[in-house]
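Work through the following exercises with the structure open. Each task is followed by a worked solution.

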Amino acid sequence: MSQSLKLGSYLRITNQLVQRIGVGSANFPPFLKFLLVGVLNTFVGMGLMLLLKNGLDWPFWYATFTGNAIGAAVSYLLNRTFTFNSRVPIRIGGPKFILVILACYFLSFSISRSITRTMDFITVWHIYIDSDNIAILLGSIIYTITNYIGQKSFVFKDQIQSSS
């Protein structure tokens with residue numbers, strides 16, 4: 001098995017990347033780090049959702065689930081190593097992370113879909129936005145809030161308490 005495929009080797013690569021960029025040595029509060037990771041995660045996840053939904057004409061649930069899953073992988077790696085400096089073993093933190101991600105995903109996008117189900121579209125500055133795209137945007141906002149609460153209070157809870 002190659003070095004890059006060994007379990008955990010991607011975390012060393014991620015740590016090295018953070019150190020080279022220079023943000024690893026900065027003393028940002030965890031919430032600010034979470035927001036920075038969230039910006040990148042949102043760019044990856046939502047960008048992919050919109051590309052799949054609008055560019056490749058995927059159904060809403062397939063596009064949002066795929067974009068969210070790939071964004072979640074980015075989020076886990078960066079939040080584990082950069083935001084929380086977690087030493088929680090992957091076999092313990094990983095399943096908790098997946099549970100929180102799935103719960104937040106289904107809750108957030110079900111709520112946003114229910115809210116936008118009664119509308120066909122809106123027009124903002126003469127730009128037509130259909131209800132699925134509104135649901136993606138609204139669901140992403142709800143998801144970000146619920147995900148932060150879940151990560152902080154459940155997945156990385158032990159690390160946060162021990163670092164306080």
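**Exercise 1.** Does W61 count as buried, partly exposed or exposed, and at what relative accessibility?

Solution. The model is predicted: local features need pLDDT of at least 70, side-chain atom pairs count only at pLDDT 80 or more, and totals for chains, interfaces and linings use all residues. Residues are numbered from 1 along each chain as its sequence is written, and side-chain values use heavy atoms, with hydrogens and water left out. Start with the cut-offs: buried is under 20% relative accessible area, exposed is over 50%, and partly exposed lies in between (1.4 Å probe, protein chains only). W61 has 36% relative accessibility and therefore counts as partly exposed.

**Exercise 2.** Classify the ring pair of W61 and Y105, and state which helices hold the two residues.

Solution. Step one is the geometry. A pair of aromatic rings is described by the distance of the centres and the angle of the planes. Rings of Phe, Tyr and Trp (its six-membered ring) pair if their centres lie within 6.5 Å; planes under 30 degrees apart are stacked, over 60 edge-to-face, and the rest tilted. The structure holds 9 aromatic pairs. For W61 and Y105 the centres are 6.0 Å apart and the planes stand at 80 degrees, an edge-to-face pair.

Step two is the location. Helices are DSSP runs (H or I, at least four residues), numbered from the N terminus. W61 lies in helix α3 (residues 60–83) and Y105 in helix α4 (residues 90–116), so the pair ties together parts 44 residues apart in sequence.

**Exercise 3.** Describe the pair that F65 forms with Y105, and the burial of both residues.

Solution. Y105 is buried, with a relative accessible area of 1%. The ring centres of F65 and Y105 are 5.4 Å apart with planes at 80 degrees, so this pair is edge-to-face. F65 in helix α3 and Y105 in helix α4 are 40 residues apart. F65 is partly exposed, at 39% relative accessibility. Ring pairs join F60, W61, F65, Y105, F106 and F109 into a cluster.

**Exercise 4.** Check the span of helix α2, then locate D57.

Solution. The expected span is 1.5 Å times one less than the number of residues. For the 26 residues of helix α2 (residues 30–55) this should be 38 Å; the end C-alpha atoms are 35 Å apart, which agrees. Buried residues of α2 include K33, F34 and V37. D57 is in the loop between α2 and α3, and D57 is exposed, at 63% relative accessible area. Most residues other than glycine have a negative phi. Phi of D57 is positive, near 60 degrees.
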